[in-house]
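This briefing covers the domain arrangement, the sheet and the charged pairs of the protein shown below.

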Amino acid sequence: MKTILTGIRSNSEITLGNYLGALLPMVRLANTHSDEYNINIFVPDLHSIISEVDGNLHQNTIRSLKYYLASGLVLNKNVHFYRQSYVPAHSELCWILDCVATMGETSRMIQYKEKSKGQDSCNVGIFNYPILMAADILLYDAIYVPIGEDQFQHIELTRNLATRFNNKFGDIFTIPAKTSDQVKFMGEEEGVRVRDLINPEKKMSKSTLAENSKIMMNDSPERAKKKIMSATTDSLGRIKFDMWRQPGVSNLMLIESLIQDEPLQDVISSWSGETRYGELKKKVAESVASLLTDFQSKLEQISDDEILNLLEEGESYANKVANSKLLEVQKVFGLR
Ligand code: ATP
Ligand code: MG
C-alpha cells in the first residue's frame with residue numbers, strides 16, 4: 001500500500017490561513033484516500049527546534065494532533081500519528097543521506113538562502129533540514145507529500161538523492177511523485193492563499209506581528225469578528241473579486257467560500273452588484289465566528305490521553321516500517 005505523508009511544525013498556534021490552506025485540505029485528502037493509502041501524520045519535532053518554539057513543544061505537539069481530529073479527520077487502521085523524535089531512524093537516515101548529498105545541491109536550496117540570510121551564525125539545522133526531510137519521506141516509501149510551494153525544491157532534492165542512491169545500490173527507495181503530480185493529486189485547494197487582513201497584498205502569516213492582520217484558531221469568536229470588521233478594504237465602493245485592485249474585498253469572499261465549502265464563483269455571484277462592504281464583512285465575520293466556535297468546542301472534547309494512545313500505536317507502526325528500511329540502507333554501506 002502506498003503512503004501519503006504530512007506534517008506541520010507545531011512551533012506555535014496556527015492561523016485561519018494555515019487551517020483553510022493546509023490543514024483542512026489535508027484532512028479532506030486523508031479522508032478520501034485512507035482506504036487505499038497509509039496516511040502518515042507526523043509531528044516534525046526535530047524540525048521545530050531549528051527555530052524558536054512558542055510555549056512547550058510537548059504540549060504543542062498534542063494540541064496540533066488534536067487539530068486534525070477537530071478538523072474532521074476520520075481515523076481508521078491506515079491513519080498513523082507519530083512524533084519524528086520518537087522514531088530514531090529519521091536522524092540515523094539523515095546522517096547517511098548527508099553522506100550521499102553534496103554541498104553544492106544542498107547550498108542551492110532557496111529556503112536555506114532565505115532563512116540563513118547569508119549569515120555564518122545561522123545554525124547548521126537550517127542548512128541540513130532538507131536532508132532530514134528526505135529521510136522523513138524515504139523511510140516510509142511515501143509517494144505523496146502535500147506541502148506548500150516553498151518546499152517544492154526539497155521534494156526535488158529528495159527525488160534526486162533517492163535516484164542517485166538507487167542507481168548505485170539497487171531499488172531501495174521509492175521515488176516520491178514529481179511536484180507537478182503532487183499538485184495534481186492535491187487538487188484545486190492547494191495553493192489557495194488567505195491574505196493578511198490589514199495588508200491584503202500579502203498572505204496571512206503566523207509570524208506577522210500585528211495581531212489584527214491574522215485570525216488565530218484560538219482567538220475568541222468575538223475577537224475574530226472584530227478583526228474581520230476592521231479588515232482593510234478599498235475606496236472603490238463595489239464588491240468585486242479582483243485580487244489585484246481589490247485584494248481586501250476579494251480575500252473576504254475567498255474566506256467565505258472556503259469556510260462554507262462553496263465554489264468561489266458562487267460566492268462572487270451572490271455579491272455581484274452589491275456595494276456595502278459592511279454587509280460583506282458582517283457575513284464573513286459570522287462565518288469565521290461560527291467556524292471558531294465549532295472548532296474550539298470539538299477541540300475541548302478531545303483528551304490528551306486519546307492523542308497519547310494514538311501516538312503509542314502510531315509510533316510502534318512507524319518504528320517497524322522505518323527500522324526495516326533503515327536496515328536495508330545500513331546493509332549496503334556495510335554498517336550491518
Ligand atoms: P510563517 O510566518 O512562520 O512562515 P505561516 O503562517 O506561513 O508561518 P507555515 O508554517 O510557513 O505557516 O506553513 C504551514 C502551512 O500553511 C503550509 O502548508 C503553507 O503552505 C500553509 N499556509 C501558510 N500561510 C497560508 C495562507 N495565508 N493561506 C493558505 N495557506 C497557508
Ligand atoms: Mg510560511
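The C-alpha centres of domain 1 and domain 2 are 32 Å apart. The contact between the two draws on 11 residues of domain 1 and 14 residues of domain 2. The model is a predicted one. In the domain assignment of the protein chain, domain 1 consists of 2-187 + 304-333, while domain 2 spans 211-299.

**Interface of domain 1 and domain 2**

- The size of an interface is often expressed as the accessible area lost when the parts come together.
- Between domain 1 and domain 2, about 1,200 Å² is buried, and carbon and sulfur atoms give 76% of this area.
- On the domain 1 side, Leu16, Leu20 and Ala70 lose the most area to domain 2; together they account for 45% of what that side buries.
- Three residue pairs are in polar contact between domain 1 and domain 2, counting pairs with both residues at pLDDT 80 or more.
- Helix H1 (16-33) and helix H3 (57-70) each contribute at least two residues to the side of domain 1 that touches domain 2.
- With four residues, H1 gives the most to that side of domain 1.

**Salt bridges**

- Side chains of opposite charge can pair when their charged atoms come close.
- The count of salt bridges comes to 16.
- One salt bridge is found across the interface of domain 1 and domain 2.
- Asp261 and Arg28 meet through their side chains in a salt bridge, with an N to O distance of 3.8 Å.

**The open sheet**

- Strands of a sheet pair through backbone hydrogen bonds, in either a parallel or an antiparallel manner.
- Here, four strands form an open sheet with parallel pairing, in the order E3-E2-E1-E4.
- Strand E3 (79-83) and strand E4 (142-144) are the edge strands, each pairing on one side only.
- Neighbouring strands of the sheet are turned against each other by 40 degrees on average, with direction ignored.
- Strand E2 (residues 37-43) is joined to E3 by five bridges, and the two run parallel.
- Val43 has Arg83 of E3 as its bridge partner.

Key:
Residues are numbered from 1 along each chain as its sequence is written. Chains are lettered from A and ligands numbered from 1 in the order in which they are written. This is a predicted model: local features need pLDDT of at least 70, side-chain atom pairs count only at pLDDT 80 or more; totals for chains, interfaces and linings use all residues. Side-chain values use heavy atoms; hydrogens and water are left out. Two strands pair if DSSP finds at least two bridges between them. Axes are lines fitted to C-alpha atoms, for helices over the stretch in contact, and angles run from 0 to 180 degrees between N-to-C directions. Domain bounds come from an automatic or database domain assignment. Contact means heavy atoms within 4.5 Å. Buried area is the accessible area (1.4 Å probe) that two parts lose on being put together, summed over both. A salt bridge is a side-chain nitrogen of Lys or Arg within 4 Å of a carboxyl oxygen of Asp or Glu. A polar contact is a pair of N or O atoms within 3.5 Å; within protein, one must be able to donate a hydrogen and the other to accept it, and residues adjacent in sequence count only if both atoms are side-chain atoms.
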